[in-house]
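Good morning, everyone. Please bring up the chain on your screens, and we will walk through it together.

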Amino acid sequence: MEDIQEFLDNKVKKGRMETISLSPGGREVKAVFYGQAEPHLKGAANFNSALGARNPEAYYKRGNRHRERPVLTLIAGIHGQEMECMVGAISLLSIIEEGKDITGRKQDELRRELEGLRLIVVPLANPDGRARVPYDGWVGLPPQEMVKYGQGTYKNGELIGYPVCKTIHPMQGNIGILGGYYDDRGINIMHDEWSSPMSDTTKALLEIIRVEGPDLVINMHGHGEDPSILPVNYVPMSVKLKSQNLANEFYSRIKEKGYQTRELSFVRQESPDDPPNSLNFTSFAYHTGAGISITYESPHGFPPCSYIKMQYDYKDIIDIQHILFDVSCKFLKKN
Ligand SMILES: [Zn+2]
């Protein structure tokens, strides 16, 4: 967390930095803005009302800026133990600010592409959660260690685990270690209360989306599996298909580099026996005003097993994110 802060304090010169909220633990959540905003394209209606009018342009004339200056919002670190994408977000900032990624390699093409965007980056949305995790990465560590500090433990030391960690929200009460998933009040931004958000950071993130009307929101996470872009629930079929196209382009690019994928269909037929899906932050970002909104899951770098096809090291983890940024820029320019 100190490294992120130091980068933001000392290296961000071209971007405009803003503190968007204060966490329950008193930590500042920062966003960095690049490129010209185009508020004159904003219509007279909120997104929901514009759809009611059957005219999305009443919310934002996104068609007028497509290809010219698309808007990308990148949010990392909603879950404090998923530091892979916090590092990826800082690498992206480093590419714009210094032309080099966080490993010191020049990235001229990606920098040119990023400079063609209106870009908003939130590198660490949940600093409270990050502050509680005593590791800087998970490569080579046993998965249970991530579960211990990610989803946390009960008072008796028993691991809470996933997805049981979502059965108590806010996560308070019989808690030994409060997991990095949560802020200091036990709130998991992915599943905040949309009718009345509990977290000021949730409100601030949604406000950025409402005001900017981004063409694409990438909600950056990490998991103990191969790289994946998760299906988004409760969005129109046209949005699912567009998101699927983006995911397919990403998968084909990383497979060319020899990486594995976890590919899930965005248009899977639901069975009447399936439990209902949740409307999470990524879905709600669409309903607030994002053109499309995806959840990216980076590998943590755990050893291969029945459901992890290969070992990823830190260089792989960051390179795969650079490919995601490149694919996203190209996708925004042509869609
Ligand atoms: Zn996550």
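First, the ground rules. Residues are numbered from 1 along each chain as its sequence is written. This is a predicted model, so local features need pLDDT of at least 70 and side-chain atom pairs count only at pLDDT 80 or more, while totals for chains, interfaces and linings use all residues.

Now the whole chain. It has eleven helices and seven strands. Helices (H or I, at least four residues) and strands (E, at least two) are DSSP runs, numbered from the N terminus. The radius of gyration is 19 Å, close to the 20 Å that the globule rule gives for 335 residues, so the chain is as compact as a globular protein of that length. That radius is taken over C-alpha atoms, and the rule is 2.2 Å times the number of residues to the power 0.38.

How much of the chain is buried? Buried residues make up 42% of the 335 residues. A residue is buried if 20 or more other C-beta atoms lie within 10 Å of its own, exposed if 12 or fewer, and partly exposed in between; C-beta atoms are placed from the backbone.

Next, strand β4, residues 118-122. Five of its five residues are buried, so β4 is largely enclosed by the rest of the structure. Arg 118, Ile 120 and Val 122 point one way, and Leu 119 and Val 121 point the other way. In a regular strand, side chains alternate between the two faces of the sheet.

Who are the partners of β4? Strands pair if DSSP finds at least two bridges between them. Strand β2, residues 28-34, runs antiparallel to β4, with three bridges. Val 32 has Val 121 as its bridge partner there. β3 runs parallel to β4, with five bridges. Leu 72 stands opposite Leu 119.

Stay with Val 121. Leaving aside neighbours within four places in sequence, Val 121 is in contact with Ala 31, Val 32, Leu 74, Ala 89, Leu 92 and Leu 93. Contact needs C-beta atoms, placed from the backbone, to lie within 7 Å. In the largest nonpolar core, of 67 residues, Ala 76, Ala 89 and Val 121 touch the most other members. α4 gives the most to this core, with ten residues. A nonpolar core is a set of buried Ala, Val, Leu, Ile, Met, Phe, Trp, Tyr and Cys residues joined through C-beta atoms within 7 Å.

Now helix α9. Ser 243, Leu 246, Ala 247, Phe 250, Tyr 251 and Ile 254 are buried. They cover an arc of only 140° around the axis, which puts them on the same side of α9. The arc is that of the directions from the helix axis to the C-beta atoms. The buried residues of α9 pack against β6, β7 and α11. The face turned away carries exposed residues, including Met 237 and Lys 255.

On to α11, residues 314-334. At 1.5 Å a residue, its 21 residues should span 30 Å, and its end C-alpha atoms are 31 Å apart, which agrees. The expected span is 1.5 Å times one less than the number of residues. Its buried residues include Ile 317, Leu 324 and Phe 325. Among what covers them are β3, α4 and α9.

Last stop: the loop between β7 and α11, where Tyr 307 is found. Is Tyr 307 buried or exposed? Tyr 307 is exposed, with 9 other C-beta atoms within 10 Å.

How values were computed:
Contact = placed C-beta atoms within 7 Å.
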